[in-house]
Amino acid sequence: MQSAIALTFFSAGHHLSLLLRSKRTLAVLLIVALAPILSAVAIDPERPMRHLIPVSLMLTLSILAPLAGLIMGSSVLSEDIEAKTLTYLFTRPIPRASLFLGRWIACTLIVCSLLAIAAWLIGHPASSIHVPPDQLDTGGPATPVPEGFTGRFMLASAFAGAMYTTLAAGLSTWVRRPIVFGLGYAFVLEMVVANLPGSTQRMSMQYYLRGILLDGELGGFKRFNPIRKMEFLSLQDSVTRLSIAMVVLLVLGTVLIRRKQYLLSN
Amino acid sequence: MSGPIIQAESLARWYGEVIGLSDLSVEVEPGITGLLGPNGAGKSTFMRLIVGELRPSRGSLRVLGMDPFANRALYKRLGFAPQQDALFEDMTGLQFVRHLLRLGGFSRSEATQRAARAMDRVGLADSMDRACKGYSKGMRQRTRLAQAMAHDPELLVLDEPLTGLDPVARRQAMDLFRDLVAEGKSLIVSSHVLHEVQSLTETIVLLHRGRLLAKGSVGEIRKLLSNHPREVRIRAHRTRPLGTALLAMEHVRRVELIGEDSLLVRTDQLETFFEALPAVIERVQPGVEAMTSSDADLESVFDFLVQ
């Protein structure tokens, strides 16, 4: 058991060192950097919430985090299957689960760090803006950024990165092109499910990510039409449910990688 | 290990409707065993079953007494050099071998030592600090060999290990294989070139279209092959009387006239034919100018054995 854990961390360290020098990480960095760059350009010092709502909810959580996570998570196995180097890894006395989990750790670490940094770069300047009391329009665009927003946005972004990375990693143990299936899920299925009224949206990851960001209170987000009539879970409940989903995906991934035969044609 | 290192019983593996291996029952003893067969014979499928990358569709397989699929205990005792030309391109040869050793649980220092030793044994000591993506085909082949033997396994499974090597490297590789056997290791070496395997080992397993065609010593296989019809082309001034005389020979199956000055003779027993030919030439005086015998190519030999 101890050796399996050590091998998991060795696999994580090695994959991390490879990823840090890879074009994949550069691509993820560029994608994630879009959010703070756009935020810096669009920021309105008098109405910080006006740009923060679309940048956090729409751009970061719904588009950039899924993209970054799926791109990074699909490196867990797909590259080795494509390059036919999987044979070397699977004929070594390392548990396949250690290999999978180690690589997942490396991918998640990168994606979560980048997204959390991006969220801070967006949230911190906006939170620092002082809205004069005479301009306060409760619920309006001049509403100051809710207290604790930056921290919750960082947590939600990191969770979004981790969830979509895990999804892609899990898919990579099952299908040859996890990114295609992942994109299909994130941008076709989930886009619909997450924005349907009623309880259907609870079947999407986006619902819980929004729950982390809003912590059950719409606050300054109540002017944002797509979500104004929705009810959200508290931060704690959202984190718990997403964590359970992540563990389930990881368990499925480890079971699949241990049992599946990967055919590498000559 | 005494007794067979590999025991296959009614082993079959198919990919959808394509048969990779069919009803293979064979036992492989320690030492070097040549796995021979034309392309598509099932050699790679058999090897992938041996190294536990695939599960049998039917039948059973034991390697070093163990079920091979994803068996970590087996991987400590087994080294595999796959046929496909894949390495971790951005790593140096040394890093590549060392990384795989680390995955096997070796410490950094021991992995480095073993990797350097393995690269040295395959003749890549001078190039081991270069990135794999800059390696020639032969160097890549040798790097695959190095990673297979670096952890000192007792069984090495080598899929077409001589492909891509120049004659000098090929000889060095063969010497290395013999050294490994002298150290007590067992090797399973696949090839589709008969003479390549023949010069390495006495023990051959012949596969064809996913089935076991023959297993035994080279001598036994040769005996089987000796009945394979061979062709001899003779260029002479007087081909017609020569053809008539040759047709009278018991082991000559057919004589075909090609143009005015050549004959294509098909015989069941090549050696007997060559023993008897001088007497015929002396008697007929056909004015022989040239004589060539096509080497039996493996594909046609296999086809013959299947019939």
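Modeller: Let me start with a handy term: buried means under 20% relative accessible area, exposed means over 50%, and partly exposed lies in between, with a 1.4 Å probe and protein chains only. This is a predicted model, in which local features need pLDDT of at least 70 and side-chain atom pairs count only at pLDDT 80 or more, while totals for chains, interfaces and linings use all residues. Residues are numbered from 1 along each chain as its sequence is written, chains are lettered from A and ligands numbered from 1 in the order in which they are written, and side-chain values use heavy atoms, with hydrogens and water left out.

Biologist: Thanks! How many strands are there in chain B?

Modeller: Helices (H or I, at least four residues) and strands (E, at least two) are DSSP runs, numbered from the N terminus. Along with 11 helices, chain B has a strand count of 13.

Biologist: What percentage of the contacts in chain B with a separation of 6 or more comes from residues 24 or more positions apart?

Modeller: Along the principal axes, the C-alpha atoms of chain B fill a box of roughly 75 × 45 × 35 Å. Of its 307 residues, 52% count as buried. Contact means heavy atoms within 4.5 Å. For chain B contacts with a separation of 6 or more, the part from residues 24 or more positions apart is 65%.

Biologist: Now for the pairs: how many residues apart are B:R77 and B:E154?

Modeller: A salt bridge is a side-chain nitrogen of Lys or Arg within 4 Å of a carboxyl oxygen of Asp or Glu, and the count over all chains is 18. One of them joins B:R77 and B:E154, with closest N and O atoms 2.8 Å apart. B:R77 is in the loop between α2 (72-75) and β5 (78-81), and B:E154 is in the loop between α5 (137-149) and β6 (155-158), a separation of 77 residues.

Biologist: How many residues apart in sequence are the parts tied together by B:R266 and B:E231?

Modeller: These two side chains meet in a salt bridge with an N to O distance of 3.1 Å. B:R266 belongs to strand β12 (residues 262-267) and B:E231 to strand β10 (residues 230-236), so the pair ties together parts with a sequence separation of 35 residues.

Biologist: And how many residues separate B:R235 from B:E289?

Modeller: Their salt bridge has an N to O distance of 3.3 Å. B:R235 is in strand β10 and B:E289 in strand β13 (residues 288-293), so to speak distant parts of the chain, and the separation is 54 residues.

Biologist: Where is the patch of negative charge on the surface, that is, which residues gather in it?

Modeller: Patches are made of residues with over 30% relative accessible area and no salt bridge; like charges are joined within 9 Å and nonpolar side chains (Val, Leu, Ile, Met, Phe, Trp, Tyr) within 5 Å. B:D23 sits in strand β2 (residues 18-28) and is partly exposed at 41% relative accessibility. The negative patch gathers B:E9, B:D23, B:E27 and B:E29.

Biologist: Over to chain A: which side chain of opposite charge is nearest to A:R96?

Modeller: A:R96 lies in helix α6 (residues 96-128) of chain A. Beyond neighbours within four places in sequence, its contacts include A:F90, B:G52 and B:F69. A:R96 is buried yet has no salt bridge, and 7.1 Å away is the nearest oppositely charged side chain, B:E53.

Biologist: Last one: how far apart are the C-alpha atoms of A:I31 and A:L114?

Modeller: A:I31 is in helix α2 (residues 23-42) of chain A and counts as buried at 16% relative accessibility. Outside four places in sequence, A:I31 is in contact with A:L64, A:L67 and A:I71. A:I31 and A:L114 are 83 residues apart along the chain, and their C-alpha atoms are separated by 9.9 Å.

Terms used
Areas by Shrake-Rupley, 256 points an atom, 1.4 Å probe, with all protein chains shown as cover. Lys, Arg positive; Asp, Glu negative; His and termini not counted. Charge placed at Lys NZ, Arg CZ, Asp CG, Glu CD.
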